Amino acid sequence: MNWSLQPSAVFAASPVVPVMVIKNLDDVLPMAQALSAGGINVFEITLRSAVALDAIKIISEAMPQALVGAGTVISPQQYDAAVAAGAKFIISPGATVALLKHAVQGSVPLMPGTSTPSEMMTALELGYDHLKFFPAEANGGAPALKAISAPLPQLTFCPTGGISPKNVANYLALDCVATVGGSWMIPNEAIAAGNWAEVTRLTQEAVDFVGGLRK
C-alpha cells in the first residue's frame, strides 16, 4: 500500500468523526468551521448528494490543516473521484472485493464498512485492519461488536450508525474501538437555521464527553 496517510492516523485524529450530508454548498465552510471551533478537524463528507465532491474540494482548499474525507463510497470510480476532489481518506458502507483491491493500489486509505466476521476476514486478507462497523446499532450494537471482534484482535473499528451520547460510552469501552462516527453534533434543525454557534457548542460537548470517557 502506498497510502499517503495511514488509517490509524485518521482514527486517532478525533474521538468522533462527524458524518456530514451536504445538500447546500453554502453550508459547507460554516459547518466545517463550526466543527473545527468545537475541536473536531476530521470530516466525513458522504457521497449522498450531488454536491458532495464539490464540498470536499471546498474544504480541502480552504482548510488544508483539516482531514477531509469521503464517505458512502461504493465503487472504484467513486474512490478515484473523491481522491481527485481532495479527499484524504475514504470510507465505504460495505466491502466489495473490487473496491478493496482498487484502493490497495490507490494513494489514500480506505476504511471499509463491515458487519460480519466473513466480511472482516475478507478485508483482513486483502490488507485492511482498520474497519468501519456499520450499521452499528442495527447490527447488535456494542455487545455484537465485542463478540465479533474477540476472535479478530488484529482489527480496529470505527462504529457508525445510530451512535449518540446515549450509547457512545458502550462502544468506547471496547478495546477494538478507536473512534466513532456520528452526526448528533450537526442536527438538521441547526443546519437549516444556520445556527453554527449551536454546532460548535454541541461539538465541544461531544469532544469533552468522549475525551472524558477515554481517560
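Colleague: Which cysteine sulfur is closest to the sulfur of Cys176?

Modeller: A disulfide is a covalent bond between the sulfur atoms of two cysteines. The cut-off used here is a pair of cysteine sulfur atoms within 2.5 Å. For Cys176, the closest cysteine sulfur belongs to Cys158, and at 11 Å it is too far for a bond. Before we continue, please note that this is a predicted model: local features need pLDDT of at least 70, side-chain atom pairs count only at pLDDT 80 or more, and totals for chains, interfaces and linings use all residues. Residues are numbered from 1 along each chain as its sequence is written, and side-chain values use heavy atoms, with hydrogens and water left out.

Colleague: How many disulfides does the structure hold, and is Cys158 buried or exposed?

Modeller: The structure holds zero disulfides. As to exposure, a residue is called buried under 20% relative accessible area, exposed over 50%, and partly exposed in between (1.4 Å probe, protein chains only). Cys158 has a relative accessible area of 6% and is therefore buried. Cys176 is buried as well, at 12%.

Colleague: How should I read strands that lie side by side, and in what order do the three strands of the open sheet come?

Modeller: Strands of a sheet pair through backbone hydrogen bonds, either parallel or antiparallel. Two strands count as paired if DSSP finds at least two bridges between them. The strands themselves (E, at least two residues) and the helices (H or I, at least four) are DSSP runs, numbered from the N terminus. In this model the order is 6-7-8, and the pairing is parallel. Strand 6 (113-114) and strand 8 (156-159) are the edge strands, each pairing on one side only. Four bridges join strand 7 (residues 130-133) to strand 8 in the parallel sense. Within this pairing, Phe133 stands opposite Pro159 of strand 8.

Colleague: Which strands of the sheet does helix 6 touch?

Modeller: Helix 6 (residues 117-125) packs on the sheet and touches strand 6, strand 7 and strand 8. Contact means heavy atoms within 4.5 Å. Axes are lines fitted to C-alpha atoms, for helices over the stretch in contact, and angles run from 0 to 180 degrees between N-to-C directions. Helix 6 makes about 155 degrees with strand 7. Ser115 sits in the loop between strand 6 and helix 6. Its relative accessibility is 16%, so Ser115 counts as buried. Leaving aside residues up to four places away in sequence, Ser115 touches Met120, Phe133, Phe134, Asn139 and Ile148.

Colleague: How are two packed helices described, and at what angle do helix 4 and helix 5 pack?

Modeller: Two packed helices are described by the angle between their axes and the distance between the axes. For helix 4 (residues 76-85) and helix 5 (residues 97-104), the angle is about 35 degrees and the axes are 9 Å apart. Helix 4 contributes Pro76, Tyr79 and Asp80, which meet Ala98, Leu99, His102 and Ala103 of helix 5. These contact residues divide into five nonpolar, one polar and one charged. In this scheme Ala, Val, Leu, Ile, Met, Phe, Trp, Tyr, Cys and Pro count as nonpolar, Asp, Glu, Lys and Arg as charged, and the others, Gly among them, as polar.

Colleague: How many salt bridges are there, and which residues are linked in a network?

Modeller: A salt bridge is a side-chain nitrogen of Lys or Arg within 4 Å of a carboxyl oxygen of Asp or Glu. By this rule the count is two, and Glu198, Arg201 and Glu205 form a network of salt bridges. Arg201 meets Glu198 at 2.8 Å, N to O, and Glu205 at 3.3 Å between the closest N and O atoms. Arg201 and Glu198 lie three residues apart in helix 10 (residues 196-214), about one turn of the helix. Arg201 and Glu205, also both in helix 10, are four residues apart. Arg201 is partly exposed at 42% relative accessibility, as are Glu198 at 23% and Glu205 at 46%.

Colleague: Finally, how many residues of strand 2 are buried?

Modeller: Strand 2 (residues 42-46) has five of its five residues buried. Val42, Glu44 and Thr46 lie on one side, with Phe43 and Ile45 on the other. Strand 2 runs parallel to strand 1 (residues 16-20), joined by two bridges, and Met20 stands opposite Ile45.
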